[in-house]
Amino acid sequence: GRGVRIAHRAPPGRENRVTSLFRFFSWRYARRHPLRILLRTLAIALGVALFVSIDISNTSTEAAFLRTAERLKGGAHLQVTRGRTLAVDEAILARIDTMEGVQAAPILQLSTTLPNLKGEGDLFILGNDLRRESGFRRWESTDGTEVNPSIFALTDGVIIPRRFAEATGLKLGSPLRIDTPSGPRTVTVGAIVRDEGASAIFGGRVAAMDLKAAQRLFNRPGRIDRIDLIVRGEIETVRKRVQESLGPEYSVAPPPLRNSFLDEALGRIRALMGVSMIAILVAIFIIYNSVSISVVERLKEIGTLRAIGTTRRQIFTVILVEWLVVGLAGSACGIVIGTTLARGLIEMTAREVNQMMMIVEVGEITLLPRTLAGAIVLGTLTTLLAAFFPARSAMAISPVEMLRQGTYQFRTGS
């Protein structure tokens with residue numbers, strides 16, 4: 001007849017042996033020594049926090065600059081500039097106007113302060129020729145109509161965003177005092193526009209005014225910062241044609257997505273990454289010694305578990321899981337702390353970049369998935385790496401030697 005096939009089952013609880021070991025071996029130790037576990041977690045958190053804060057600061061500042069640059073350029077395909085600090089001679093505008101398929105808009109960018117509104121911070125001044133702005137930037141009144149260039153017929157009229165008007169209580173026709181090289185001067189609110197495009201930069205702290213008025217008020221006669229170009233046809237072909245006409249003194253290129261002042265400040269922030277790596281190395285040293293100490297303190301427990309049948313692999317796995325949990329907790333704490341530190345770094349970076357002129361304002365923190373993933377991987381792998389070698393060294397000792405706790409010595413690297 002047919003033989004009876006008996007299914008061999010694993011001893012009860014074998015599947016949960018590691019879980020039981022974790023509760024008995026690791027969790028009990030953690031409850032006995034909560035301060036040690038906390039300090040080890042904070043050691044990991046510090047290194048991760050520095051990494052996260054530096055990465056967030058760079059990412060958020062660069063993203064804010066790109067948003068500002070995109071809104072400022074509007075529909076421009078190309079920009080004419082002249083070095084990092086040299087002004088563009090307004091006279092070349094007439095030469096560009098004679099070129100077929102090219103529309104030009106001169107721009108003067110300035111920063112000023114408001115003597116009567118100290119709490120509002122700096123104000124970004126955009127001097128332009130509103131008659132040339134069509135296609136570049138939309139200046140749309142809050143009622144949905146285009147701003148009439150005739151507003152500049154007022155005595156030094158300015159356009160301000162709705163957000164700025166609401167924050168300061170300014171209305172159409174209100175006087176606004178601004179600081180200039182020759183002292184405070186009064187301009188008049190000629191239009192209030194929607195918070196869109198160029199009006200939305202720097203939290204709405206922006207005012208557009210007639211180019212001639214801006215040049216007169218800020219002692220910049222005949223000088224502008226750049227000329228924006230809209231071209232018809234192949235952009236590169238037109239770029240070369242404009243470049244040949246203006247000569248090597250000027251640069252004709254697409255609107256830049258970088259800024260030299262910003263690059264210098266971000267470079268100094270990136271240099272702090274070395275401090276983060278030092279903190280990680282210190283954390284590795286602390287964890288290595290912590291694992292060594294925790295194993296020594298539990299030698300008799302490990303020896304007893306080994307003597308009653310627990311395998312080296314199971315105890316080794318429990319030790320690594322124990323420190324994996326510490327690494328995950330440290331990474332999570334590091335992300336929270338790093339996000340808080342990033343706000344201070346961002347403020348410091350923006351203040352440094354905007355010393356000469358308003359270039360960037362970071363209105364929101366950018367925490368990318370890669371930053372989260374990098375922080376978790378950095379924290380957990382660092383912890384596991386630091387725990388691996390002392391744990392492996394302990395597993396090389398026989399149960400009898402472990403029970404003789406006084407004779408045990410780590411065989412580091414074995």
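Predicted model: local features only at pLDDT ≥ 70, side-chain atom pairs only at ≥ 80, totals over all residues.
1. In which hand does α2 pass α11 in their crossing? The crossing is right-handed.

2. Helix α2 covers residues 34-73 and helix α11 covers residues 369-395. They pack at an angle of about 160°, and their axes are 10 Å apart. Because of that angle, α2 counts as roughly antiparallel to α11, the cut-off for this label being over 145 degrees. On the α2 side, the residues making the contact include Ile 44, Val 48, Phe 51 and Val 52. On the α11 side, Gly 374, Ala 375, Leu 378 and Gly 379 are among them.

3. Next, have a look at strand β5, residues 157-161. Is this strand buried or exposed? 5 of its 5 residues are buried, so β5 is largely enclosed by the rest of the structure. Both of its faces are covered. Gly 157, Ile 159 and Pro 161 are buried on one side, while Val 158 and Ile 160 are buried on the other.

4. Now see which strands pair with β5. With β7 the pairing is parallel and runs over 5 bridges; Gly 157, for example, has Thr 188 of β7 as its bridge partner. With strand β8 (residues 206-210) the sense is antiparallel, and 2 bridges join the two. Here Ile 159 has Ala 208 as its bridge partner in β8.

5. You will find it in strand β7, which spans residues 183-193. Val 193 has a relative accessible area of 1%, so it is buried. Trp 139 is 54 residues away from Val 193 in sequence, yet the two C-alpha atoms are 6.3 Å apart in space. Trp 139 is also one of the residues in contact with Val 193, and so are Ile 159, Ile 160 and Pro 161, which belong to the buried strand β5.

6. Finally, the nonpolar cores. Nonpolar side chains tend to be buried together in soluble globular proteins. In this model, the largest nonpolar core has 40 residues. Which of them touch the most other members? They are Val 80, Ile 96, Ile 160, Ile 227 and Leu 229.

Conventions:
Residues numbered from 1 in each chain as written. Heavy atoms only, no water. Core = buried A, V, L, I, M, F, W, Y, C linked by side-chain atoms within 4.5 Å. Buried < 20%, exposed > 50% of the residue type's maximum accessible area, 1.4 Å probe, protein only. Helix = DSSP H or I, 4+ residues; strand = E, 2+ residues; numbered from the N terminus. Contact = heavy atoms within 4.5 Å. Pairing = 2+ DSSP bridges. Axes fitted to C-alpha atoms, helices over the stretch in contact; angles between N-to-C directions. Parallel < 35°, antiparallel > 145°, perpendicular 65-115°, else oblique. Left-handed = near helix turned anticlockwise from the far one by under 90°. Lists of a residue's contacts leave out its neighbours within four places in sequence.
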